[in-house]
Amino acid sequence: MFKKNQTFTIEIQDIGSNGEGIGRIDGYTLFVKDAIPKDVVRIKITKANKNFGFAIIEEIISPSDDRVEPVCPVASKCGGCRIQHLSYQKQLEYKENIVKNNLERIGKAKDFVLHKIIGMDNPYFYRNKAQYPVRRGRDGQILMGFYAGRTHSVIETERCYIGTKENEKVLEIVKKHMEEYNIEPYDEVNHRGLVRHILIRKGFATGEIMVCIVINGRDFPNAENLVSKLLKIQGMADISLNVNTEKSNVILGKKIINLYGNGYITDMIGDVKFQISPLSFYQVNPVQTAKLYETALKYAGLTGEEIVWDMYCGIGTISLFLAKSAFKVNGVEVISEAIENARNNAKINGIGNVEFFVGKAEEVLPEYYEEQERSGGKGEADVIVVDPPRKGCDVRLCETIVKMQPERIVYVSCDSATLSRDVKYFEENGYRLREVQPVDMFPMTEHVETVVLIQKRHM
Ligand code: SAH
């Protein structure tokens with residue numbers, strides 16, 4: 001039996017789905033934090049279950065050739081960049097393999113074309129959004145940083161090597177302001193204190209910056225003064241408070257109090273302009289998003305005649321990207337602020353052949369389809385695009401998609417395990433997985449984005 005605190009020397013053989021190294025002792029599997037294949041390491045067991053355990057590195061005895069020095073000094077503590085110590089080339093190979101393995105093992109798919117993953121030329125400073133938790137440190141200082149992996153202790157990191165340079169300036173100003181007016185950071189345990197998170201977003205194409213301070217209250221001391229200080233940062237376009245008085249892990253509350261600006265910033269992907277509110281989802285890596293959407297457009301195979309549904313449409317990014325090549329695009333999204341953005345985005349781009357619906361994908365599409373059935377209409381869809389959160393598509397949505405019999409399903413996914421589960425459903429119901437394009441939207445992390453083409457089988 002293996003026990004906590006035992007140490008061993010092992011060679012790492014594999015990488016797990018959370019980016020950890022995998023090694024074995026007599027068939028017992030150990031998940032080793034920050035280790036990579038071909039590292040020989042002395043490890044210490046931190047948790048021993050019956051058939052597998054977790055460990056940390058005590059010493060690297062002989063490093064793998066694929067090991068690199070992380071640029072960020074807190075890379076191994078911060079929960080954000082779990083594989084910064086792996087060479088970028090190997091990160092890409094690792095992600096391509098995860099996608100392939102999941103589609104084959106979970107999805108039971110065969111004979112699909114797996115394209116080479118699209119990587120970045122410069123895999124740093126790519127994120128347009130950061131959410132910094134704000135807490136009080138042990139020595140009484142105000143901490144702003146990121147959560148350590150798996151826990152809510154905050155690792156102080158005002159400079160993030162995958163974020164933008166303005167983040168630091170924003171944090172410095174907010175921190176000074178909090179000190180000057182004795183404003184308390186949030187305390188998760190006692191549910192006291194005011195400042196919970198600082199959300200910063202930048203439009204890379206326009207340079208516009210948004211700051212949203214999430215507070216456990218309704219009011220922020222000397223807010224006008226903070227606004228005037230933040231406005232010294234070039235590009236500052238929108239400043240707001242978000243009220244979140246819930247005792248919960250969810251970062252944003254529902255209510256926004258605008259302090260400066262129009263309630264949104266504007267950005268562009270390709271030649272389409274987007275207004276983005278603090279509560280709306282927007283892809284975090286704009287350089288790769290353009291490539292992702294280009295691939296989605298290609299897989300949609302549009303000729304100008306098609307009726308397209310864009311499920312989980314957010315602020316209408318994919319809908320508007322496809323609209324120019326389709327007859328009509330219908331977008332569905334659960335966050336009403338995002339749909340408000342989407343409708344406006346259609347307007348400011350002069351796009352008329354789109355319609356947006358607020359609601360759950362798994363309710364709106366089935367209701368639409370049943371209504372069409374009742375009234376003798378056909379509930380048509382030539383192409384259905386889905387871009388769900390990590391948990392994938394609800395089965396009710398998958399069932400309706402199959403009933404509607406679109407020629408093509410374009411599935412954009414940020415979790416290849418749930419993608420594969422849904423691919424299996426479509427494969428069992430008259431569809432075939434044809435093409436797979438992984439895109440590295442999140443360099444230095446274990447996450448990978450994938451867009452796939454699923455086509456109707458013709459007997
Ligand atoms: N396609 C968009 C957004 C993708 S992110 C883009 O590329 O920008 C996933 C979106 O799904 C988020 O906007 C989220 O608010 C929304 N969402 C989550 N659950 C949903 C559900 N059950 N029905 C509809 N939308 C949902």
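Two strands count as paired here if DSSP finds at least two bridges between them, and strands (E, at least two residues) and helices (H or I, at least four) are DSSP runs numbered from the N terminus. What follows is a predicted model, in which local features need pLDDT of at least 70 and side-chain atom pairs count only at pLDDT 80 or more, while totals for chains, interfaces and linings use all residues. Residues are numbered from 1 along each chain as its sequence is written, and side-chain values use heavy atoms, with hydrogens and water left out.

**View 1**
Start with D310: its bridge partner in β18 is G331.

**View 2. How covered is β17?**
Mostly covered: 5 of its 5 residues are buried, where buried means under 20% relative accessible area, exposed means over 50%, and partly exposed is in between (1.4 Å probe, protein chains only). Look at both faces and you find cover on each, with I307, W309 and M311 buried on one side and V308 and D310 buried on the other.

**View 3. From β18 on to β19.**
Strand β18 runs parallel to β19 (residues 354-358), and 5 bridges join them. One to pick out is E333, whose bridge partner in β19 is V358. Here the chain goes from β18 through helix α6 (residues 336-348) to β19, in another β-α-β crossover that is right-handed.

**View 4**
The ligand is surrounded by 17 residues, and the closest are Y293, T317, E333, A361 and D387; a residue is near a molecule if one of its heavy atoms lies within 4 Å of it. By class, that shell holds 9 nonpolar, 4 polar and 4 charged residues. For the sorting, Ala, Val, Leu, Ile, Met, Phe, Trp, Tyr, Cys and Pro are nonpolar, Asp, Glu, Lys and Arg are charged, and the others, Gly among them, are polar.

E333 does something like it, with a side-chain N or O atom 2.7 Å from an oxygen atom of the ligand. From V334 comes a backbone N or O atom, 3.3 Å from a ligand nitrogen. Taken alone, the ligand exposes 570 Å², and the protein buries 89% of that. Helices α5 (317-323) and α7 (361-374) are the elements that give two or more residues to the shell around the ligand. A polar contact is a pair of N or O atoms within 3.5 Å; within protein, one must be able to donate a hydrogen and the other to accept it, and residues adjacent in sequence count only if both atoms are side-chain atoms. Accessible areas come from the Shrake-Rupley method with a 1.4 Å probe, and for residues only the protein chains shown count as cover.

**View 4. The open sheet.**
Now for a sheet of 6 strands: it is open, with mixed pairing, in the order β1-β5-β6-β4-β3-β2. β1 (7-11) and β2 (14-15) stand at the edges with a single partner strand each, so one side of each has no neighbour in the sheet. Inside the order, β5 (residues 40-48) and β6 (residues 52-62) run antiparallel and are joined by 8 bridges. In that pair, A48 stands opposite G53 of β6.

**View 5. Two residues with positive phi.**
H191 isn't a glycine, yet its phi is positive, at about 55 degrees. You'll find H191 in the loop between α2 (166-180) and β11 (195-202), and it counts as partly exposed at 23% relative accessibility. M444, also a residue other than glycine, has a positive phi near 80 degrees. M444 lies in the loop between β22 and β23 (449-456) and is buried, with a relative accessible area of 2%.

**View 6. Two pairs across the chain.**
V195 is in strand β11 and is buried at 0% relative accessibility. V195 and I213 are 18 residues apart in sequence, with 7.1 Å between their C-alpha atoms. R434, in strand β22 (residues 431-439), is partly exposed at 32%.

Methods:
Right-handed = clockwise from strand over helix to strand, strands pointing away.
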